[in-house]
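Here is a colleague's note on the structure, written for someone who is reading such a model carefully and perhaps for the first time. Please keep the sequence and the structure in view while you go through the points.

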Amino acid sequence: MAERNGGKLTRRAFLKGTAGVVGTGVAAELAVLGIDPRPVEAKALEAPLKKGKEVASVCPYCAVGCGQIVMVDPAAGKILDIQGNPDSPISEGTLCPKGAATYQLVVNPQRWTKVKYRAPGSDRWEEKPLSWAMDRIAERVKATRDAAFNESQDVPAAAGGTARKRVMNTYAVASLGGATMDNEWNYIHQKLMHSLGVVFVENQARI
Ligand code: SF4
């Protein structure tokens, strides 16, 4: 990550400058549709920016690799905000809705830190710590995998019929990742699943 403090061209000035150049063509196209984007553009440029040390980074969510600026308070060791980086040749300051919400990946007071659990046969939910749920999931995945692990199986043979092959897998466990899993998490997660012999590994966020 490279620091951007101290540059002569501020991000706001950059946006204003490119808005004039890029905006000319877009404005002409919108004018044909009877839409004037200038009030919206002016409002966006007025939006208060959280001040801090600007650190260039890359969105953690997908392989597009959009550029981000992470605004930090080094003294407090805190992230103040995360926005698109106009200097990025890939995204030119833009972020998709998921990338634009990256700040909430780090700072989110509304995030659930407990889980609801209903024991078998029970008619009520209990609150349990997240660490308790993690241990339960790990125990059950291990037990299910061990009970349904295939060291070998019959597979179609080239010469016809079947042949016994060493496969070391299980079809009893599947993994479906979510859109909030970042690149590094996905990488480690698929390694974990494959080491368990899980072959059904999928993610709902695909580009
Ligand atoms: S998730 Fe969105 S903002 Fe992030 S890299 Fe992918 S396209 Fe860009």
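The numbered points below go from the overall layout to single residues.

1. Please bear in mind that this is a predicted model, in which local features need pLDDT of at least 70 and side-chain atom pairs count only at pLDDT 80 or more, while totals for chains, interfaces and linings use all residues. Residues are numbered from 1 along each chain as its sequence is written, and side-chain values use heavy atoms, with hydrogens and water left out.

2. The protein chain holds 6 helices and 8 strands, where helices (H or I, at least four residues) and strands (E, at least two) are DSSP runs numbered from the N terminus. Read from the N terminus, their order is α-α-β-β-β-α-α-β-β-α-β-β-α-β. Of the 207 residues of the protein chain, 22% count as buried, a word that means under 20% relative accessible area, with exposed meaning over 50% and partly exposed lying in between (1.4 Å probe, protein chains only). Contact means heavy atoms within 4.5 Å, and among contacts in the protein chain between residues at least 6 apart in sequence, 46% join residues at least 24 apart.

3. Around the ligand stand Cys59, Tyr61, Cys62, Val64, Gly65, Cys66, Leu95, Cys96, Lys98 and Gly99, a residue being counted if one of its heavy atoms lies within 4 Å. Sorted by class, this shell has 7 nonpolar, 2 polar and 1 charged residues; here Ala, Val, Leu, Ile, Met, Phe, Trp, Tyr, Cys and Pro count as nonpolar, Asp, Glu, Lys and Arg as charged, and the others, Gly among them, as polar.

4. Helix H6 (residues 183-196) has 14 residues and, at 1.5 Å a residue, should span 20 Å, which agrees with its end C-alpha atoms being 20 Å apart; the expected span is 1.5 Å times one less than the number of residues. At the start of H6, a side-chain oxygen of Asp182 comes to within 3.2 Å of the backbone nitrogen of Glu184. After H6 comes Gly197, with a positive phi near 95°.

5. The count of salt bridges comes to 7, each being a side-chain nitrogen of Lys or Arg within 4 Å of a carboxyl oxygen of Asp or Glu. In one of them Glu127 pairs with Lys114, with the closest N and O atoms 4.0 Å apart. Glu127 lies in strand E5 (residues 126-129) and Lys114 in strand E4 (residues 114-117), so the pair ties together parts that are 13 residues apart in sequence. Glu127 is partly exposed at 47% relative accessible area, and Lys114 is partly exposed at 45%. A network of salt bridges links Lys114, Lys116 and Glu127.

6. Which side chain does Asp146 meet in a salt bridge? The partner is Arg145, at 3.0 Å from N to O. Asp146 is partly exposed, with a relative accessible area of 39%, whereas Arg145 counts as buried at 18%.

7. Glu92 has a positive phi near 50°, sits in the loop between strand E3 (78-84) and helix H3 (97-100), and is exposed at 59% relative accessible area. Met168 also has a positive phi, of about 50°, but is found in strand E7 (residues 162-177) and counts as partly exposed at 34%. Met168 is among the residues that Glu151 touches, not counting residues up to four places away in sequence, and Glu151 itself is found in strand E6 (residues 149-156).

Methods:
Polar contact = N/O pair within 3.5 Å; in protein donor to acceptor, adjacent residues only side chain to side chain.
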